[in-house]
Amino acid sequence: MSTFEIEHINITVSNNETFAQSLVSLFGWKVFWQGRGMEGTSILVGSGSTYIALYTPDYTLAEAVPMYRNDASINHIGVVTDNLDDARSVVLNNGFTIHTEVELPPTKRLYFFIQGVDIEVTQYI
């Protein structure tokens with residue numbers, strides 16, 4: 001049987017430039033493409049074979065709906081780290097507020113928002 005892995009996700013954000021810079025600063029990812037298309041701009045930022053496409057349209061966005069309350073919405077984006085303590089420091093030093101921390105063996109996790117998008121950082125223990 002063929003195997004499949006996630007290559008990317010594409011999300012709409014109000015300001016893809018600041019969102020991309022946050023991902024670069026927080027996770028050491030790289031912007032590897034940006035350009036125009038579909039009445040807006042896209043920035044692709046990631047860590048090699050996986051990335052997040054950040055789309056910002058030229059028009060005003062509708063108000064976001066609360067997480068877990070809309071069909072086909074993204075509830076959070078999860079990334080994995082080998083050191084949650086270091087990740088916590090990086091998140092806080094970049095001016096973000098951690099809203100949840102939880103240990104759910106075999107993991108420890110923390111959550112924070114970038115432009116209303118919930119980011120989950122997980123360490124397997």
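Author: The account below begins with the helix and then turns to the core, the salt bridges and the aromatic pairs.

The model is predicted, so local features are given only where pLDDT is at least 70 and side-chain atom pairs only at pLDDT 80 or more, while totals for chains, interfaces and linings use all residues. Residues are numbered from 1 along each chain as its sequence is written, and side-chain values use heavy atoms, with hydrogens and water left out.

Helices (H or I, at least four residues) and strands (E, at least two) are DSSP runs, numbered from the N terminus. Helix α1 spans residues 16-27 and has twelve residues. From its first C-alpha to its last it reaches 16 Å, close to the 16 Å expected at 1.5 Å a residue; the expected span is 1.5 Å times one less than the number of residues.

At the N-terminal end, Asn15 caps α1 through a side-chain oxygen that lies 3.1 Å from the backbone nitrogen of Glu17. A polar contact is here a pair of N or O atoms within 3.5 Å; within protein, one must be able to donate a hydrogen and the other to accept it, and residues adjacent in sequence count only if both atoms are side-chain atoms. Just after α1, Gly28 takes a positive phi of about 75 degrees.

Burial is defined by relative accessible area: buried means under 20%, exposed over 50%, and partly exposed in between (1.4 Å probe, protein chains only). The buried residues of α1 are Asn16, Phe19, Ala20, Ser22, Leu23 and Leu26. They cover an arc of only 155 degrees around the axis, which puts them on the same side of α1; the arc is that of the directions from the helix axis to the C-beta atoms. An α-helix has 3.6 residues a turn, so residues three or four places apart point the same way. Asn16 has a relative accessibility of 3% and therefore counts as buried. The side chain of Asn16 reaches the backbone oxygen of Leu54 at 3.2 Å.

In soluble globular proteins, nonpolar side chains tend to be buried together.

Charged contacts come next. A salt bridge is a side-chain nitrogen of Lys or Arg within 4 Å of a carboxyl oxygen of Asp or Glu, and four are counted. In one of them, the side chains of Arg36 and Asp58 meet at 2.7 Å, N to O. Arg36 lies in strand β2 (residues 30-37) and Asp58 in the loop between β4 (51-57) and β5 (77-81), so this pair ties together parts that are 22 residues apart in sequence. Both Arg36 and Asp58 are exposed. By contrast, Arg109 and Glu120 are both buried, and their closest N and O atoms are 2.4 Å apart in a salt bridge.

Three aromatic pairs are found in the whole structure. Rings of Phe, Tyr and Trp (its six-membered ring) pair if their centres lie within 6.5 Å; planes under 30 degrees apart count as stacked, over 60 as edge-to-face and the rest as tilted. The rings of Phe32 and Tyr51 have centres 5.1 Å apart and planes at 90 degrees, so this pair is edge-to-face. Phe32 is in strand β2 and Tyr51 in strand β4, so the pair ties together parts 19 residues apart in sequence. Phe96 and Phe112 have ring centres 5.4 Å apart and planes at 50 degrees, so their pair is tilted. Phe96 lies in the loop between α2 and β6, and Phe112 in strand β7, 16 residues apart. Phe112 has a relative accessibility of 0% and counts as buried.
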